[in-house]
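Let's walk through this fold together, one piece at a time. Have the sequence and the 3D view at hand as you read.

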Amino acid sequence: MTNGDQFRELIEGYSLGALDPEERASVEAHLASGCVDCGKALEEARWLVTQLAYLAPEAKPSDLLRGRLLQTVRAEARAMKSAKVSSAIPLWMWGAFAALLLFTIYTAWDTTQLNKQIAAINEQAKQEIAKRQELEEKFAIAQREAIILTDPRSVKIPMGTENKELPKMEAIWHAKLGIVVSGLNVPAPSGTHTLQLWLIPKAKDGKPIPSLTLRPDADGKFVLLVANPPDAMDTTKALAITEEPAGGSPQPTTKPIWVGAIS
Ligand SMILES: [Zn+2]
């Protein structure tokens, strides 16, 4: 006997042929391992099923079965009233008895099915909530970007490039909400390389301060939101973008491709 034997509750369903193939295989493996408790339960359940064979043309679970059982029991009860019965145990009594037991079996089986459905619904709900949170985050980012782009207090920083093959980019800096850098038709950096934004300080010997990295999408669209710039606008002279190895660098390893002075 095992404590909290999870197979015990499957035995009735198993004897009715109501389990799915996976469950059936696991119950069979468990029975083969010689669980006394489940073996005994299976014996009882099988006996019940043989009794049920008298009641219903098919002893398979179906939505109609309960109704059919009730009809059988009622019909036999009605027949009893009008007929003499000589046997010690009237057939209808067996029927009623077996029907009662079948309801018990079904209740147990239904509960198992119901618990499974509840678990499935909970899992689905969890996924929906996660999806919703993701959407809300995306929406919050889009909203922040929209305010940065439209607030008259934001400062526009055109970012030019010496490379005539490349499009210009534009940065817009909102003192409180951050920086949005965007570009169209930006070619993807080679291999796994990434584009990285830098803040060039006004201080004479100030080194470029690393900011976020981003690769343009498949259409060459580049929209980078820096919600928390690593330095303030007042103390920053310019923004620059370099190509860096994946993950970015603590200091620029290549010459800036795009540069925009803050006026
Ligand atoms: Zn067992």
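Two strands are said to pair if DSSP finds at least two bridges between them. Helices (H or I, at least four residues) and strands (E, at least two) are DSSP runs, numbered from the N terminus. Strand 1 (residues 155-161) and strand 8 (residues 258-261) are joined by two bridges and run antiparallel. There, Gly160 faces Val259 of strand 8.

Before we go further, a word on the model: it is predicted, so local features need pLDDT of at least 70 and side-chain atom pairs count only at pLDDT 80 or more, while totals for chains, interfaces and linings use all residues. Residues are numbered from 1 along each chain as its sequence is written.

Strand 1 also pairs with strand 2 (residues 169-174), antiparallel and over five bridges. In that pairing, Ile157 has Ala171 of strand 2 as its bridge partner. Strand 2 in turn pairs with strand 3 (residues 178-183) in the antiparallel sense, this time through six bridges, and Glu170 sits opposite Ser182 of strand 3.

What about the nonpolar core, a set of buried Ala, Val, Leu, Ile, Met, Phe, Trp, Tyr and Cys residues joined through C-beta atoms within 7 Å? Buried means that 20 or more other C-beta atoms lie within 10 Å of a residue's own; exposed means 12 or fewer, partly exposed is in between, and C-beta atoms are placed from the backbone. The largest core has 24 residues, and Met159, Ala171 and Leu239 have the most contacts inside it. Strand 4 (194-201) is one of the strands that each supply at least two residues, and strand 4 gives the most, with five.

Leu102 counts as buried because it has 24 C-beta neighbours inside 10 Å. Its C-alpha atom is 9.8 Å from that of Gln51, 51 residues apart along the chain.

Terms used: Core = buried A, V, L, I, M, F, W, Y, C linked by C-beta atoms within 7 Å.
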